[in-house]
Structures are given as structure tokens and as C-alpha cells.
Amino acid sequence: MDWLGHINYWAVVILMMIGFYTVIARGNMVKKIMGLNLFQTSVFIMFISAGKIIGGSTPVLREGITVYSNPLPHVLILTAIVVGVATTAVGLALAVRIREAYGTIEDDELLDPMDQTPDHSRPGDHAGKGDGSA
Amino acid sequence: MEYLVDIALLLLLVTVAMAILRVRDLYAGAMLFAIYSLLSAGLFAALDAGDVALTEAAVGAGIATLLFLAVLTLANRRERPARGNNRLALGVVVATGACLIYAAGDLPDFGAPDNPVQVHVAPYYIENAYTDMGVPNMVAAVLASYRSIDTLGEAFVILTAGLAVVALLSVPPRRRRRAFSGPCRRTGERRMRENGILRVIARFVIPMIMLFGLYIQFHGEYSPGGGFQAGVVFAAGWILFALVYGLDAALKVIPERVQYVLACLGVLLYCFIGLLGVLLGGRFLDFYPLLESPHAAQQTGIVLVEFGVGVTVAACAMLFFTFFARRKREIEAVEAREDD
């Protein structure tokens, strides 16, 4: 059946596009990093799906098993997951520093550095305060 | 049956991803992200990738979620509502998605044993991993021996990321405008430390987590597991200790300086094993010259290399948490000084 043979790839595309949309349409940097992670996970699913053989088994040698799924994508992806969390940590550290320097992690509030004087926040700008009790 | 589990998990993943996109409360987003990771771990397990599922469950649902939460104590909890409309972004995304779905039509059917990906190098690994190395887990064999230079590169990437986080967050904070959260969070942290049930449960659970980490570290050649997973699981045990008993108590167990040294020692051990092969007359990261029996040599090499990876990964994950958690305290100290 054709649609069954491609449903994983379609789901990967949908997940990837949700991540992509989160990255380009959301202004909050933590949200953008979450979007990047969604995007990244969709690529992982793509690789693992490509390595799967229907009726296969986990590639650990055992008696009575003849068909194993492809171990190579597993190796590539398991290292990529750990590298992914390391790069996520770097992104979050950058967000923390931006927050400290500008008082916000919303990207459109960063556009005008002249408005970011320490003691005069713009009228109507509530992003930098009140979050603690929310 | 295999399709049924697969499709159900994919539908759940799409639903949770939509929820992550839509929710404005970033705490809720972080929790949904943990659910998303756990679901994808389930999907990896259903797709025969036991090692990957273990890694994703430990990394995505454990460390990544903790990092998001740690950052949210330093930044706004709520995302600002969207301004204007995002029709252009939506248009770009839909157009890209349509192109990709059209292109996906050319991909070979999912799960067929004669796909190009299955007939290239994979049959060699599947047939020869055991006779070459005597290691039943082919993933460990490919990771630590056939493709060990690749894995060395990954270990260095993780070390570099650890150094980048240290470099970014070791600059002392300066206070600019009323940007940081008030003292209310401090009580929350204290409440967590005073919670008796949490302390008692953590005392039982942490040794189990550490033991499990050591098990998958040293049993990785025989069952799903290995350095990457073990490092993350071990670090998760330490982070749980830090969350329940406070960062100071956790830093007494494994001080920051030890974390730096361990992060470097791990990759150095990896390189040393590689160079040992050269000194004994082989090539870089060639394990056969290490011992006389080829299987024993390969297994020794794999265990040591995986141990190096595990040490680096665990130390870097602990460094990430140490720096994010301490940043909050430093900011509060600066605020308190300025309030006086």
C-alpha cells in the first residue's frame, strides 16, 4: 500500500514544518529554541524510519533472529541527540546573556538599542517585569 | 500491527508539537517538550532503535527539559502574544512543506528490506560485527570501532559546547533595569528542599539512577547502552540530587573543578586509546594492536572509548546545570547588593 509506505515521511514533513514555523513566527528566543528542537527531532525520525525494516529487530545479536534493522542510522542519530542537547544549552546560555543585557528575550524588542536605557522603559512595555509572580 | 503503533505515535507527536507551538506559557511548553521527547523515544523503540530510544528518553525528557526550566527561572515565564499576523511565515511554511511532501513521493517505501539504505554498508556491519569484535550490540560496534573517528568528533563537539556555556555564563552579571524576577522564586526553591517526601524518595532513587547509568555504561556492548546514554543518565542522577538537596550540597560531591577536569579527561582518554594503537604499530583508533586476541583487543578498546565518551558527556551535562543554576543566584546577589 502506497500511503502506508510514506506516512512516516509525511509526518516528518509536518513536524519539521511546525518546528520551522515556530522558529520564524515566534519572537521569544526560548520558544525559537524549542522550535529548532522540534525540527531536529523530525530529522531524527526521518533517519530512524529509513533504517527500519518491517519484521526486523533491534540490532543486538540474538539467537533466533534473522532480520535486523540498519544499525548505522541509530549510531548517527544517538550521537546527534546528545550533540543536539549540547547545542541547545549553548543557545539557552546566549538567551540568558541577551536577557541580562537587554532585559528581554523577545526579538522585536531588541531591534532598537537606543530605547534600552537602563531606567526609562518604553511606555506600555511590560515584558521586563511582573513575570516573577505570574 | 507495526504500522498501528507507528501511526498512533506519529499522530500524538504532531498533536503535541502543535500544542508546543500554540501554548504561551513557556513552563507548559517545557513540560510538553518533555512529553514530546518521551513520545519520540517510544517511536524510536517501535522502529527497532533501542539505543536511540534510551538516549532520547534520557536527554530529551531529562536534561533538555531541565535546561529549559533552569532558563525560565532566569527569564519571563510567559511569551508575549503575537503581534500582527504571520501570513507570510505561514505561506513560506506551507509552500516548503508542500515541496517536501511532493519530494517525499520519490522516497522508497518505508520498511522495505531492499531499500538502497539497507543494501549499502549496513549488511557488512550486521554480518561482520560479531565475528570482527565479538560484540553482540552492533550499534556499539559501529559507534566505538568502525566509526570511532566520527564519535571522537562528536565527543569534541560536546566538550566545545560545554566550554561555550562556561565562557558565556562565567562573566559576572551586571544589573540593567528591572529585568529580573523577584524573590518569590526563592521560597519555591526552599519549599522543594524542605519537602520531606521528595527528600526520602530522592535518597532511594538517586543510587538506582547512578547504578543504572553504570550498568548501561559497562553493559553497552551486550544490550542497548553506551557512553552517551550512560553519561546523561549519570548526570541526571546528580542533577536530581542538586534539585532536591541544593546546588551547594551537590557541588560538594562533585566540585566544579572536578567537572572541568573530567570533561577534558574523557576526550583525552579517547585520544590516548587512539594514539596507543599508533604507538603499538597500528593506525589511529585501531584497537587490534592493543591485545593479542583480536576480540579481547576490540572489546577493551570499545569499553575504554565508551568510558571516555561517558565521562565527557556526564561532566558537560553537569557543567550545563551548574552554570545555569548558579547564574540565578549570582543575579539575586547583584540585585540584593543594589537594593541595599
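## Basis

Residues are numbered from 1 along each chain as its sequence is written, and chains are lettered from A in the order in which they are written. In this predicted model, local features need pLDDT of at least 70, side-chain atom pairs count only at pLDDT 80 or more, totals for chains, interfaces and linings use all residues, and side-chain values use heavy atoms, without hydrogens and water.

## Chain A

Chain A holds three helices and zero strands, in the order α-α-α from the N terminus. Helices are DSSP runs of H or I with at least four residues, and strands are runs of E with at least two.

Of the 134 residues in chain A, 60% are buried (under 20% relative accessible area, with a 1.4 Å probe and protein chains only). The accessible surface of chain A is about 5,100 Å², and carbon and sulfur atoms account for 66% of that surface (Shrake-Rupley method, 1.4 Å probe).

## The largest nonpolar core

The largest nonpolar core has 134 residues. Such a core is a set of buried Ala, Val, Leu, Ile, Met, Phe, Trp, Tyr and Cys residues joined through side-chain atoms within 4.5 Å. Helix α14 of chain B (residues 294-339) gives the largest share of this core, 16 residues.

B:Phe324 is among the residues with the most contacts inside the core. Beyond its neighbours within four places in sequence, B:Phe324 is in contact (heavy atoms within 4.5 Å) with residues including A:Leu92, A:Val96, B:Leu74 and B:Val165.

## A surface patch

B:Ile197, B:Val200, B:Ile201, B:Phe204 and B:Val205 form a nonpolar surface patch with about 500 Å² of accessible area together. Patch residues have over 30% relative accessible area and no salt bridge, and nonpolar side chains (Val, Leu, Ile, Met, Phe, Trp, Tyr) are joined within 5 Å. A salt bridge is a side-chain nitrogen of Lys or Arg within 4 Å of a carboxyl oxygen of Asp or Glu.

B:Val205 lies in helix α10 of chain B (residues 196-218). B:Val205 counts as partly exposed because its relative accessibility is 32% (partly exposed is between under 20% for buried and over 50% for exposed).

Notes. Patch = residues over 30% accessible without salt bridge, like charges linked within 9 Å, V, L, I, M, F, W, Y side chains within 5 Å.
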